[in-house]
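Hi,

Here is the structure I said I would pass along.

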Amino acid sequence: MPNVLLTQKCVRSCPYCFARKHMHDAPPDDILQWEDLIYIVDFFKSGGDSNISLLGGEPLLHPDIADYILYIINRGMHVTVFTSGITTEQRLSELDIALQYVDPDDLSIVVNLNDPRHSPERENEAISRFLTCMSRFSCLSINVFKLNFDYSFALQCINTYGLQRHVRLGLAHPIPGKGNVCIPADKMRDMAAEFMAYLPTFEAFGITVGFDCGVPMCAFTDAELGRLYKHTRGMINFSCGPAVDIGPDLMVWACFPLGNYQKRSLLEFQDVQDMTAYLNDLHEQIRIEQGGLYPECDSCEARLRKLCSGGCLTHCLDKFLGEAHIRPEFLHGGESV
Amino acid sequence: MNDVRLSSDPIFVINSEDMAADFPSGRALVVRVSAPQEIADICRDYGGRADLREFICVCDGLSLEDIEIDPAWGCNKVTFVLSGLGRYASVWNKLQQLCHTAVTLLYTGVNAVRDARITASLDVDTGVVLTPDMDISDELIELVTYTFYGKVAHGDVQPFCFLADRYSNTTLLSPALYYHVEPGLYYHLDQQRNMAVSHDALLQGEFVCRGLDAIAGCEAAVEEQKSAWQRLLVEKTICASCPAFRVCSGFFEPQSDKGRCRELMTELLEGIEFRRSME
């Protein structure tokens, strides 16, 4: 499923943001144009895809966001919007009117929520307005970026606004060389233990939790894995593969943390298979250098059996940046080739 | 705008207000209406005694947002000339209604090319109005590329698809044909039954004859119009050496010195030949 960036501007500056470098480097007036959206939809539809994600930056900043959502639905595809929910009252009103006849089966909105107790009051008010208005489409996404993470705000929010009873749990990963706030490799086990301790509370409220990419399987004990298997009805994975991010300028990269590694234009690819092969090959080139977060990943049976990818690749890239230049040059510099 | 060629009988292009009850029956007609509401009325009043080939509704300054889709149009071919699509959020359900109908949306506004591409991608027939002195943008040339090389099936984009359908190695085509400028086939007539070879010529009083029965007597004038393209070769104009002349016939002659029309029409010709090679 492609992630299409409508704009690279954002309205927040989250300490864990793995897209920060990308946002910072982007031209401020760079927004996705209609012709390019049509090309993207054609490209992925011809490859058999039936889902498109719209994100940013903050996708609600795009003046045509409502039109783009409706257009993609008109093309017979499902849309997922990843947003902070922070927008003006006017834009929210436009969105509300435009989406009034949209079937929730055709549109999902994933609201990336930070702990309101540590967020500015104006942001909280804007998010509250958004969730009140868009609850029928919305589920929450939270990013765990530190230990002693308090999950309770998610529960409160779901219950207050009647949101879908599912939480998408992301782990903050390093931006190579930038030292952003994230869960370091040697703290993954602690993070997992904290989460498992809170899981019964989620379950008590009938809320399921799903992991975003890059979580290593070995962060959990076998007993915890069994518990997670039951909780997710087997829908749990520990993968890290190309997500396919597409910028407003049609540049393609494997995922945000790899946003500066060998980007190419979508126009250079013949079809989805051609693009996927290229991005998979990029991942593979890095995995050859180091299998995963830990030295043991290279010979780990779970990785060899493809039960786990070995955690997020950016931990490896972050490490390469501090080494002597003994690897393929692009892995050290992080610049496009 | 009419891609149906059932016979070589003349087809009359007439404004709806110039139609009269005494209009001879059995004639093939293209009717220009000023408001879409007229279409259903004309179908009802004339459907049984005239061969209604097409309705053209020129809605100056209006967008699809301002048009109500009427199921009573049935399978009649209806072409709207609109300034644009309007706000997408206001027309998305109309576009769904228009899929698999005989309605074509032609655009003239500043976003005409973009709107045509959106419309075509939703499997609705569409197009742009080309004029001899228009600015030929990169986006317009890309629209031709999209028409013939798009990755997925889409609605027809006019006049490019029309020209592709009519193309052969032995015929000379022009975008004007799509706009009912085909001397000997289309006769544009007014209330007094003055006839001209195009709507513009009619408005300017450049008549070839008067009265439906006078057609036979205006052959010389029609022939002169038909062979007007020969002047471009005799005078050795830029068009004479253009590789895309066979699909243009000098339609863009007023701007031929700029070279943009050559780019556009060459892309069109290559697109047509590519389509032919795939058939």
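**Where the chains meet**

The contact draws 17 residues from chain A and twelve residues from chain B. Bear in mind that this is a predicted model. About 1,600 Å² is buried between chain A and chain B, with carbon and sulfur atoms giving 66% of that area. On the chain A side, A:Trp34, A:Glu35 and A:Asn74 supply 34% of what chain A buries against chain B, more than any other three residues.

As for the polar side of things, I get zero salt bridges between chain A and chain B, but seven residue pairs in polar contact, counting pairs with both residues at pLDDT 80 or more.

Which helices of chain A each supply at least two residues of the side that touches chain B? Those are helix H2 (34-46) and helix H3 (65-74). H2(A) gives the most, with eight residues. Split by class, the side of chain A that touches chain B has nine nonpolar, three polar and five charged residues.

**Inside the protein**

In soluble globular proteins, nonpolar side chains tend to be buried together. Here the largest nonpolar core has 199 residues, and A:Phe195 and A:Phe220 have the most contacts inside it. If you leave aside neighbours within four places in sequence, A:Phe220 is in contact with A:Phe195 itself, and also with A:Arg189, A:Ala192, A:Met196, A:Phe211, A:Val215, A:Leu225, A:Leu228 and A:Phe238. There is also a second, separate core of five residues, among them A:Ala19, A:Leu55, A:Trp253 and A:Phe256.

Cheers

Notes: Residues numbered from 1 in each chain as written. Chains lettered and ligands numbered in written order. Predicted model: local features only at pLDDT ≥ 70, side-chain atom pairs only at ≥ 80, totals over all residues. Heavy atoms only, no water. Contact = heavy atoms within 4.5 Å. Buried area = accessible area lost by both parts, 1.4 Å probe. Salt bridge = Lys/Arg side-chain N within 4 Å of Asp/Glu carboxyl O. Polar contact = N/O pair within 3.5 Å; in protein donor to acceptor, adjacent residues only side chain to side chain. Helix = DSSP H or I, 4+ residues; strand = E, 2+ residues; numbered from the N terminus. Nonpolar A, V, L, I, M, F, W, Y, C, P; charged D, E, K, R; others polar. Core = buried A, V, L, I, M, F, W, Y, C linked by side-chain atoms within 4.5 Å. Buried < 20%, exposed > 50% of the residue type's maximum accessible area, 1.4 Å probe, protein only.
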